[in-house]
Amino acid sequence: METIAASEPGRRAIHLRRITCEGFARDDGLFDIEGTLIDTKPYDTRLPEKDVPAQAAIHHMTLRLTIDRQWTIRDAVARTLHGPYASCGEISASYRQLIGLRIEAGFTKSVKRMFRGTLGCSHLTELLPPMATTAFQMLWSEHDGPASAAASADKPNASPLGGCHVLRVDGPVAKLHFSHLVK
């Protein structure tokens with residue numbers, strides 16, 4: 001563990017946000033992505049509607065997306081297990097609007113517009129971008145990684161090319177692993 005240098009100021013923990021995303025292959029050929037957001041504080045917290053003990057969840061939200069191989073959302077289930085207000089979970093059913101959307105370029109912008117302001121829960125909406133990247137990682141690995149993804153690059157979202165600095169089409173990784181796709 002790295003120690004704090006004498007010239008750096010000391011610090012103390014005041015908040016922890018954990019976001020986890022897990023991908024699952026289902027027996028029916030579909031895929032589930034489960035996103036979880038949990039906020040805690042290392043000290044007792046008094047909120048307008050309740051007191052929250054140290055390390056207990058202030059926010060604990062989950063969102064499950066079921067997708068097919070074409071990246072289409074077939075089901076969406078949002079839940080608020082803990083929220084600062086009793087009414088926090090009332091918006092959960094709105095996330096069923098995701099059904100029929102495809103996880104593709106522009107997805108994050110679309111969902112942020114769809115659930116902006118009072119149309120959604122900021123915490124549930126924050127889960128959607130990392131869940132989309134989890135879908136990419138999950139389906140890419142489901143197709144045996146780079147070699148298979150390159151072979152099916154004509155399919156939407158199948159190729160990672162252009163997705164980041166390392167995977168730029170004029171870079172060494174593209175030339176080495178995706179030479180048949182780049183000129």
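The model is predicted, so local features need pLDDT of at least 70, side-chain atom pairs count only at pLDDT 80 or more, and totals for chains, interfaces and linings use all residues. Residues are numbered from 1 along each chain as its sequence is written, and side-chain values use heavy atoms, with hydrogens and water left out.

Secondary structure follows DSSP runs, numbered from the N terminus: helices are H or I runs of at least four residues, and strands are E runs of at least two. An open sheet of 4 strands has the order 1-2-5-6. Its pairing is antiparallel. Two strands count as paired if DSSP finds at least two bridges between them. Strand 1 (16–25) and strand 6 are the edge strands, and each pairs on one side only. From one strand to the next, the twist averages 10°. For such angles, axes are lines fitted to C-alpha atoms (for helices, over the stretch in contact), and values run from 0 to 180 degrees between N-to-C directions.

Strand 1 and strand 2 pair in the antiparallel sense over 10 bridges. Within this pairing, Cys-21 has Gly-35 of strand 2 as its bridge partner. The two strands form a hairpin with 5 residues between them. Gly-29 lies in that turn and has a positive phi of about 90°.

Strand 2 also pairs with strand 5, in the antiparallel sense and over 9 bridges. Thr-36 stands opposite Thr-62 in strand 5. Ile-38 has His-60 of strand 5 as its bridge partner. His-60 is in turn bridged to His-82 in strand 6.

Strand 5 and strand 6 run antiparallel and are joined by 8 bridges. Leu-65 stands opposite Ala-76 in strand 6. These strands form a hairpin too, with 5 residues between them. Trp-71 in the turn has a positive phi of about 70°.

Burial was assigned from relative accessible area: under 20% is buried, over 50% is exposed, and values in between are partly exposed (1.4 Å probe, protein chains only).

In soluble globular proteins, nonpolar side chains tend to be buried together. Here a nonpolar core is a set of buried Ala, Val, Leu, Ile, Met, Phe, Trp, Tyr and Cys residues joined through side-chain atoms within 4.5 Å. The largest core holds 26 residues. Leu-63, Ile-67, Tyr-95, Leu-98 and Leu-128 touch the most other members. Two or more residues come from each of strand 2 (31–40), strand 5, strand 6, helix 1 and helix 2. Helix 2 gives the most, with 8 residues. A second, separate core has 5 residues, among them Leu-161, Leu-167, Phe-178 and Val-182.

Contact means heavy atoms within 4.5 Å. Not counting residues up to four places away in sequence, Tyr-95 touches Leu-63, Ala-76, Ala-78, Phe-115, Gly-120, Cys-121, Leu-124, Thr-125 and Leu-128.

A search of the whole structure finds 3 aromatic pairs. Rings of Phe, Tyr and Trp (its six-membered ring) pair if their centres lie within 6.5 Å; planes under 30 degrees apart count as stacked, over 60 as edge-to-face and the rest as tilted. The rings of Trp-71 and Phe-136 have centres 6.3 Å apart and planes at 25°, so this pair is stacked. The pair links distant parts of the chain, 65 residues apart. Trp-71 lies in the loop between strand 5 (59–67) and strand 6, whereas Phe-136 is in helix 2 (residues 122–142). Trp-71 is buried at 6% relative accessible area. Phe-136 is partly exposed at 21%. Ring pairs link Trp-71, Phe-136 and Trp-140 into a cluster.

Tyr-85 is found in the loop between strand 6 (73–82) and helix 1 (107–114). Tyr-85 is partly exposed, with a relative accessible area of 38%. Not counting residues up to four places away in sequence, Tyr-85 touches Pro-48 and Glu-49. Tyr-85 and Ile-58 are 27 residues apart in sequence and 9.5 Å apart in space, C-alpha to C-alpha.
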